[in-house]
Amino acid sequence: MSLINKPAPTDLTLKNQDGEDVCLGDFVGKKPTIIFFYPKDETYGCTKEFIILSISLAKPILSLPKPTYLHSINIMSACSFRDSHSVFSEAGAIVVGISADSPESHKRFAENQNLPYQLLSDPNGEAKKAFGVSDTFGFLPGRVTYLINREGIVQDVFSSQLDFKGHAKKAVEFIKSHA
C-alpha cells in the first residue's frame, strides 16, 4: 500500500523516549514532517568501523550477525538524521524516528548518540501497520522514511535497508525543496 499523495496517518499516539505520549496529529499536517521507521535501537558487541570495513571490502552485509548489522546501520542512519538536523530545524520541520523498542531503550539510544529528535515506541506495530511498513526478507523490520508536507500529505517514501545515509539525504532534499 503506497501512501504517496495521500494523508499521513495522524490518529496514532505513541510514547517517546521520555515516556510521554506523542500524537502524530499534533504536528503532521502543521509542519513538514520526516518520519523514519528503523529496525532497532543500538545493540552492543561491535563497532561502526566493522560495518564500514565490511561494506568497503564488498563482503555480503547479510552474512554479519544480526546484532552487528542492526547496531552499525542504525547508528549510521540515526546519526545521518542527527547530523542534518540543522537543515530540518531551520525549515521548521519535525523529525521523528519510530521502532518497536521501549521508551527506555530509546532514551539510552538518544543519549548515547546525542539525537536531537524524538524516538517513538511502537511495540505493537500499530504505526508500522498504519504506514504500511513491511519487513525486509521476512525477518528484519523495515527501514522506511516518509516525507510529509505541511498539509499532511505524504510526498515521497524512501525504503532501503542498506542505503542508510540515503534516508537523511532524501529528507534534506525534500526539506530544501519544500521550505
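Visitor: Which order do the seven strands take in the open sheet?

Guide: They run E2-E1-E5-E4-E3-E6-E7, with mixed pairing. A strand here is a DSSP run of E with at least two residues, numbered from the N terminus, and two strands pair if DSSP finds at least two bridges between them. This is a predicted model, where local features need pLDDT of at least 70, side-chain atom pairs count only at pLDDT 80 or more, and totals for chains, interfaces and linings use all residues. Residues are numbered from 1 along each chain as its sequence is written, and side-chain values use heavy atoms, leaving out hydrogens and water.

Visitor: Which strands stand at the edges?

Guide: Strand E2 (21–23) and strand E7 (154–159) do; each has a single partner strand, so one side of each has no neighbour in the sheet.

Visitor: And what holds paired strands together?

Guide: Strands of a sheet pair through backbone hydrogen bonds, either parallel or antiparallel.

Visitor: In which sense do E3 and E4 pair?

Guide: Strand E3 (residues 33–37) and strand E4 (residues 94–99) pair in the parallel sense, over five bridges. Ile-34 stands opposite Val-95 in E4.

Visitor: New topic: where does Thr-10 lie?

Guide: Thr-10 is in the segment before E1.

Visitor: Is Thr-10 buried, partly exposed or exposed?

Guide: Partly exposed, with a relative accessible area of 32% (buried means under 20%, exposed over 50%, partly exposed in between, using a 1.4 Å probe and protein chains only).

Visitor: What does Thr-10 touch?

Guide: Not counting residues up to four places away in sequence, Thr-10 touches Cys-23, Leu-24, Gly-25 and Val-28, where contact means heavy atoms within 4.5 Å.

Methods. Helices (H or I, at least four residues) and strands (E, at least two) are DSSP runs, numbered from the N terminus.
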